[in-house]
Amino acid sequence: MTAIKHALQRDIFTPNDERLLSIVNVCKAGKKKRNCFLCATVTTERPVQVNVVKVKKSDKGDFYKRQTAWALRDLAVVDAKDAVKENPEFDLHFDKVYKWVASSTAEKNTFISCIWKLNQRYLRKKIDFINVSSQLLEESVPTGENQSVAGGDEEAVDEYQELNAREEQDIEIMMEGCEYAISNAEAFAEKLSRELQVLDGANIQSIMASEKQVNILMKLLDEALKEVDQIELKLSSYEEMLQSVKEQMDQISESNHLIHLSNTNNVKLLSEIEFLVNHMDLAKGHIKALQEGDLTSSRGIEACTNAADALLQCMNVALRPGHDMLHAVKQQQQRFSDLREQFARRLASHLNSVFVQQGHDQSSTLAQHSAELTLPNHHPFHRDLLRYAKLMEWLKNTDYGKYEGLTKNYMDYLSRLYEREIKDFFEVAKIKMTGTTREGKKFATLPRKESAVKQETESLHGSSGKLTGSTSSLNKLSVQSSGNRRSQSSSLLDMGNMSASDLDVADRTKFDKIFEQVLSELEPLCLAEQDFISKFFKLQQHQSISGTTTNEAEEMDGGTLSRSYSSGVPQTISSEKDMIRQMMTKIFRCIEPELNNLIALGDKIDSFNSLYMLVKMSHHVWTAQNVDPASFLSTTLGNVLVTVKRNFDKCISNQMKQMDEVKISKKSKVGILPFVAEFEEFAALAESIFKNAERRGDLDKAYIKLIRAVFVSVEKVANESQKTPRDVVMMENFHHIFATLSRLKISCLEAEKKEAKQKYTDHLQSYVIYSLGQPLEKLNHFFEGVEARVAQGIREEEVSYQLAFNKQELRKVIKEYPGKEVKKGLDNLYKKVDKHLCEEENLLQVVWHSMQDEFIRQYKHFEGLIARCYPGSGITMEFTIQDILDYCSSIAQSH
C-alpha cells in the first residue's frame, strides 16, 4: 500500500500541487468488484482546498488515472454502517449517496479518521459521522504504517517539506563527488561527519582570531557613551534656557488667539450689519412714493409699484436667528408695517374712487346706445384700471382684507352698472322684436319690468292676453281662421299688404337677427370682463378641461343637462378659480333671467322661434366651451340652452297635441290635411335653420316624433271621414308626405319616406279597384260562371256545350255592352273620381290612368276566356282596347 501511495503521489497529485494524506482500496457495493482508490488530498497553495479523489487503474496499462474528485465541503454525511463490529462498508453523502466496500476495516477506519481531522482543521464544517467509533474521532490514533502521513498530529503533517530545486542541486553535486556513497552509505555518512567537524573547528578559530577586534570595539563603545553623557548635559541646560522662552511663546500664542477671535467676531458682526442694512433699508425715494406718490399718472403708478415691491422685499426678508431680538430690527419692521398700512389705505381709497369715477363716465355714454342694439364698451375702463394690476397683486399679498374689500366693492358697483346696461339692452331687443317704437320718449325712461313688457306685447296682439302664432303654427284648424289671425297681426304690425307667408319669413328673419345680435353682444362683454378680472385681481383662469359636450347634452334630460352645465368643472378646482366664477356670477347675475325672459317673449311671438334659438344658442355654447368650458359664459349659456331645448320640445309636443285634436268638416271633402301641409312647412323651415347646426340630433328626434304623429293622425282622420273615401284621404296625404320627404331629402326619415310611398301605392290601388268595381257587370257574372265550371273540372273547350254558357248566351250578354254604353259608364266614373279628389294634390290623372289600366286588364281577361272556352266561334267584344284608350282620353280632355 505504501508503494502505491508513493506512486500515486508522484504520478497524479504532485503535478497538481496536491499532497496525498490517506488512501483506501474500495469497490462499489453490490456490483462487480472493480477495485479503485479513494484518496484524501490537500493543496500545497493557500488557501488550502481539501478533496476526496477517486483513482482507478487504467484498462490499457499499469498506470493510474484520476477519475472523479469531490470537494470535502460538499460532504454532508459519513456513514460507517457499524460502530462496534468490524464492517468494511461505508457511505459518503455528496450530491448523492455513494456506497463503498473497503478492502479492509483498518483502511476504512484510517480513511474516516483522516477525513474527520481534515474537517476539524480546514473546514470547521459540521459533517455528520454516524455509526463511527468514538476512538476514531480523536486527535491521536494508534501507530501504524500510515502514521507519518495521516496518523500523526497536524504539526507533523505541516513539518514535512519537499526539497526545493537548489537543495536538490547541492545534494546531487555532493553525491557526484562521492560516487561510492550510493553503494556505501556508512562511508558517505562518515565523510560528511568529518567535513562537519572541520567546518566547526574553522568557525572556532575564526571567533578566537577576532577577539582583539572585539576589545577595540568595546573600547570605542565606552568612549561613545561618555560623549553621549556630555551631550545630554548640554541638552538639559538648553532646555532650561528654553523653558522661559516657551512660557513667553505660550502667552503670545494665547494673545494671538484672542486677537484672531476678535477679528472673526468683528467680521461676522460686520456681515450681519451689512445684511440688515442691505435687506432692511428702504430708499427715501421709495418711502416718499409710498407716502405721497401720485396714483393718477402712469409715472406715479410705476414709482408706487416699484416702491411697494421694494417694501414687500424688505418685509419678507428671511432674518437669521437672533435678528428679531434686535431693537433696531423691531423698529424697522414696525416702520415697514406702518408704511404698508398707510399705503394700503391710500391705494384702496384711490381705487374705490377710480371705480366710482369710471362708472360715472361709463354711465354718461349710455345715451348714445339708447336706440341701438349694442352694449357699451368697457375697454377704456379696463385699460385704465389695468395700470394698477401690480399694485392689486401687492395688496393681495400684503393686506388681503383690503384686497377683499376692494373686490367686494368692485362687484357691488359693477353689478349695478352692468344691470342697468344689460336691462336697457334687453329692452331695446324686446321692442325691436315686437316691432314697436316709443316716439317722444327717451330710452332711459323705458320700463325695465318684465310685466310691463308682457303687457305691452299683449296689447299688440289682441286682448286675449296671448300672443298669436304664425300661419305655420299647427294650432290653426283651417286656412280661413289662420288667415284672419295673421291679417290681424299684419295690421297691428303695420306690415302693409304682405302675405301671411311673407310676414312669417320677415318676422322670423328679424327675430333671428335680433337674437343673434344679442348673443354676439353678450359674448365679448363677458369674456372681456372675465379676462380683466383675472388680470386685475391676479386670479388664475380655468384651463381647458374636458367638460360636457353639446352632443352629450343632447342625450340628457333637462335636470341632468342643467346640473352638467352648472357644475362646469371638477370639484378640485382652486379657490382662485372659484373666485372668478363667483365674481362673474355676481356681476352678471341679471344675464340669465334676462335671456330667459327674451326667450319666453320670442316663444310667445312665434313658437317656431325656438328652432332659431336652439341653433343659435347651441352654436354659442359650443364656441364658449371651446374657449373655456368652465367659464361663466359657458355655464350661463348652457343653463339657458336647457330652457331653449325645453321650449323646442314643448313646441313639438304642442304640434303633436294639435294633430291629435284636429277636427274635419263632415260636409266638405278632406283633401290635404292642415297638419300635413304644416309639417311640410315645418320641415322646410327646420332644414333651412339647422343646416350645418351643432344640434342636428335634436331636430332628427323631433322629426321622428312628428312624422309618426302625422301618420297616426292621417289614419285617424281617414277613418272618421264621411264625405271623402278613406282610401282617397290616405292616398292624397301620403302622396303629399312622400313628395315632401323626397324633395327635402331628410336622411333620418328615409324609412318613413318608403313607408309613405308604400301607403300611397297601396291605397291608390285599393281606391282604383273599389271605384272601378265591375263596369261590365253582366259580362263579369257570365265569366265568373265560366270560371266556376272550369274549376269544377270541365274542360275549357267544353264549357260552350253548357246550356247556360253556350255561344248564344255569350253573344246576348256582349250585345248589352256596346261602345256607347261603355263610354257613358267611364264618363260617370270620371266625374265620381273628380268629385272625390282635391285640386291641391292633382292626382286625378294618375288615378284615371290607373283605372284605365285596370279596365284594360279586365278586358284582356275576358278576351282570353273567350279564346280558350269558345275557340273558332268568332265572338268578340263590340269595342276594342283602342276604343277604351280613346274613350278615356276624350273624357279626360273634355273635363
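Start by selecting Met-174, which lies in helix H5; helices here are DSSP runs of H or I with at least four residues, strands are runs of E with at least two, and both are numbered from the N terminus. Before going on: this is a predicted model, where local features need pLDDT of at least 70, side-chain atom pairs count only at pLDDT 80 or more, and totals for chains, interfaces and linings use all residues. Residues are numbered from 1 along each chain as its sequence is written, and side-chain values use heavy atoms, with hydrogens and water left out.

Met-174 counts as partly exposed because its relative accessibility is 33% (buried is under 20% relative accessible area, exposed over 50%, partly exposed in between, with a 1.4 Å probe and protein chains only).

Most residues other than glycine have a negative phi, and most peptide bonds are trans.

- Go to the loop between strand S2 (36-43) and strand S3 (50-57) for Pro-47. The bond from Arg-46 to Pro-47 is cis, omega near -5°.
- Asn-131 sits in the loop between strand S8 (128-130) and helix H3 (147-151). Its phi is positive, near 60°, and Asn-131 is partly exposed at 36% relative accessibility.
- Finish at Lys-745, in the loop between helix H25 (726-744) and helix H26 (750-772). Phi is near 55° for Lys-745, again positive, and Lys-745 is exposed at 67% relative accessible area.
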